[in-house]
Amino acid sequence: SDASIARDEGRFTDALALYRDAVRIATSAGDWRLEVMDRNNVVDLLWEIGPTEEAARQVSKLAEDLRVRPAAYTDMDVVFVNLIGILSEMGRIDEALAAAREALPLVRRTQRYFLEEWLYLFWRCGQFDAADNAVHVAPRAAEQCRHKLAEVDLDGVVHADRQPVFARCDV
């Protein structure tokens, strides 16, 4: 798309305007799935260029909307994982953990784990072993990576009642 090209070329203001225009068009056309993808593109770019607070507001609103009106799993997984990453970056760990609890079934279903955001959450929670384990599987082939990443105890990281180490999370 023109927005993606502008983004790749570093023309972030143009890219943001084009992504926002795509949201407007998708919304006016009533295409929910396209609207979700385009709104997430806006979020992703805002996260890259700032302000992060605006990215957090928009991804939180999008996640809230998806709780009421779900989209395809492959569109929702990336939204909730972006929510994890943005909130982790902002130090809003309790909220990031709540998002991780919602994201976990989605990423398991789609088998798209978006490793960087999970690593950021693990790191912010002091789960260095989980982060290290996940890092070592990242360079492998996609299928092998999915199986190896499934061995990382994501449940233990996102469900506080199963991991007492959450008391050490730097909130």
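A salt bridge here is a side-chain nitrogen of Lys or Arg within 4 Å of a carboxyl oxygen of Asp or Glu. By this rule the count comes to 13 salt bridges. The model is predicted: local features need pLDDT of at least 70, side-chain atom pairs count only at pLDDT 80 or more, and totals for chains, interfaces and linings use all residues. Residues are numbered from 1 along each chain as its sequence is written, and side-chain values use heavy atoms, with hydrogens and water left out.

**Asp-14 and Arg-11**
- Asp-14 pairs with Arg-11 in a salt bridge, with the closest N and O atoms 3.0 Å apart.
- Asp-14 is partly exposed at 37% relative accessibility (buried is under 20% relative accessible area, exposed over 50%, partly exposed in between; 1.4 Å probe, protein chains only).
- Arg-11 is also partly exposed, at 36%.

**Glu-35 and Arg-39**
- Glu-35 and Arg-39 form a salt bridge at 3.4 Å, N to O.
- The two sit 4 residues apart in helix 3 (residues 32-49), about one helical turn. Helices (H or I, at least four residues) are DSSP runs, numbered from the N terminus.
- Glu-35 is buried, with a relative accessible area of 13%.
- Arg-39 is buried as well, at 15%.

**Asp-65 and Arg-39**
- Arg-39 also meets Asp-65 in a salt bridge, at 2.8 Å from N to O.
- Asp-65 lies in helix 4 (residues 52-68) and Arg-39 in helix 3, so this pair ties together parts 26 residues apart in sequence.
- Asp-65 and Arg-39 are both buried.

**Network**
- Salt bridges link Glu-35, Arg-39, Lys-61 and Asp-65 in a network.
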